[in-house]
Structures are given as C-alpha cells and as structure tokens.
Amino acid sequence: MGLLLVLRAPLPRRKSLGRATRAQRRERYRADAEEWATARERGLLLDVPVEELLPLLNAAGGNRLPILGQLNPWSDGVLVHEDLPQLDADVDRLGATAADDAERGLVAELKALLARWRDEPGLALHWYGD
C-alpha cells in the first residue's frame, strides 16, 4: 500500500471512467503509467509506503499539521504552489520527529521533491492514495 506523490501540470477535471469500455480504461491506465515512469526518471514522483508515513505523521502532530494532517492516504487530491510554505513547515516537523534511518530517508525524499517543486512553480503536487 502506498501514496503516490507526483509533480505535474494542473489538470482539468478528468471524466469518470464509470461508463468507459475496457479498452478506454486500459488506455488511460497505460498513459498514466507512462507519465509516471517519465516523472520518476525526472525526479518528479515519490511513492511513499503508507505504513511508514502514518506513524511519522502521528509522531509529528497528526491532524494538527496544516497540510499533511489533512492528507488522506486513501484518496486523491491536489496541492497548489501556494501550499508550499506550509508543506515545507510540515516536512520540517516530520524531520524533527524522525526516529530512525528509514524515517529520515523518507523526509529527505520529501524535501527533494519539494525542492524540485520550488524549481518548477507551474506544477501542482498531486497525490494518489490506495
């Protein structure tokens, strides 16, 4: 189980696949997979295991974190560039409470993703949960 964080251009609201044919669904999933592979190569994608993220979030304050406290790892959502300062502060709180190398590594990966976002302000941070 994981939470996929992707920096990508803001997208118009996508149509639901509720009435799509199997071929249409396969094509959309294939296109998403190709986009995510390219994003991973460019350092714009981070796949975070929820079982590692949730204990760290809870230790850092849980729901009291302005951005990460509202993040639901079982749903999808989008953060805009104006959310970056608060998100930076949240990640700094995660770093202060990281207790082991795995948690510190996760915080470092989050900081690297945010640094990329700072360099490309036209992108939005999309998250896709399980």
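Which residues gather in a patch of negative charge on the surface? That was my opening question for this predicted model. I found Asp 47, Glu 51, Glu 52, Asp 100, Glu 109 and Asp 130 in the patch.

**Entry: a member of the patch**

I located Asp 47 in strand β2, which covers residues 45-49. Is Asp 47 buried, partly exposed or exposed? I looked up its relative accessibility, and at 43% Asp 47 counts as partly exposed.

**Entry: salt bridges**

How many salt bridges does a search of the whole structure find? I noted 8.

I began with Glu 35 and Arg 8, whose side chains meet in a salt bridge at 2.4 Å, N to O. What does this pair tie together? Glu 35 belongs to helix α1 and Arg 8 to strand β1 (residues 2-8), so the bridge joins parts that are 27 residues apart in sequence. Arg 8 has a relative accessible area of 6%, and because buried means under 20%, it counts as buried. Glu 35, at 30%, is partly exposed.

Next I turned to Asp 92 and Lys 111, whose side chains form a salt bridge at 3.5 Å, N to O. Asp 92 sits in helix α3 (residues 84-97) and Lys 111 in helix α4 (residues 101-119), so this pair ties together parts 19 residues apart in sequence. I found both ends partly exposed: Asp 92 has a relative accessible area of 44%, and Lys 111 has 39%.

I also jotted down a network of salt bridges that links Glu 27, Arg 30 and Glu 34.

**Entry: around Arg 42**

Where does Arg 42 lie? I found Arg 42 in the loop between α1 (22-41) and β2. Its relative accessible area is 42%, so I wrote down partly exposed.

Which residues is Arg 42 in contact with, leaving aside its neighbours within four places in sequence? My note says Arg 116 and Glu 120. I was pleased to see that these two contacts also pair up with each other, as the side chains of Arg 116 and Glu 120 meet in a salt bridge at 2.8 Å, N to O. Arg 116 is partly exposed at 25% relative accessible area, and Glu 120 is partly exposed at 22%.

Conventions:
Residues are numbered from 1 along each chain as its sequence is written. This is a predicted model: local features need pLDDT of at least 70, side-chain atom pairs count only at pLDDT 80 or more; totals for chains, interfaces and linings use all residues. Side-chain values use heavy atoms; hydrogens and water are left out. Patches are made of residues with over 30% relative accessible area and no salt bridge: like charges are joined within 9 Å, nonpolar side chains (Val, Leu, Ile, Met, Phe, Trp, Tyr) within 5 Å. Accessible areas come from the Shrake-Rupley method with a 1.4 Å probe; for residues, only the protein chains shown count as cover. A salt bridge is a side-chain nitrogen of Lys or Arg within 4 Å of a carboxyl oxygen of Asp or Glu. Lys and Arg count as positive and Asp and Glu as negative; His and the chain ends are not counted. The place of a charge is taken as NZ of Lys, CZ of Arg, CG of Asp or CD of Glu. Helices (H or I, at least four residues) and strands (E, at least two) are DSSP runs, numbered from the N terminus. Buried means under 20% relative accessible area, exposed over 50%, partly exposed in between (1.4 Å probe, protein chains only). Contact means heavy atoms within 4.5 Å.
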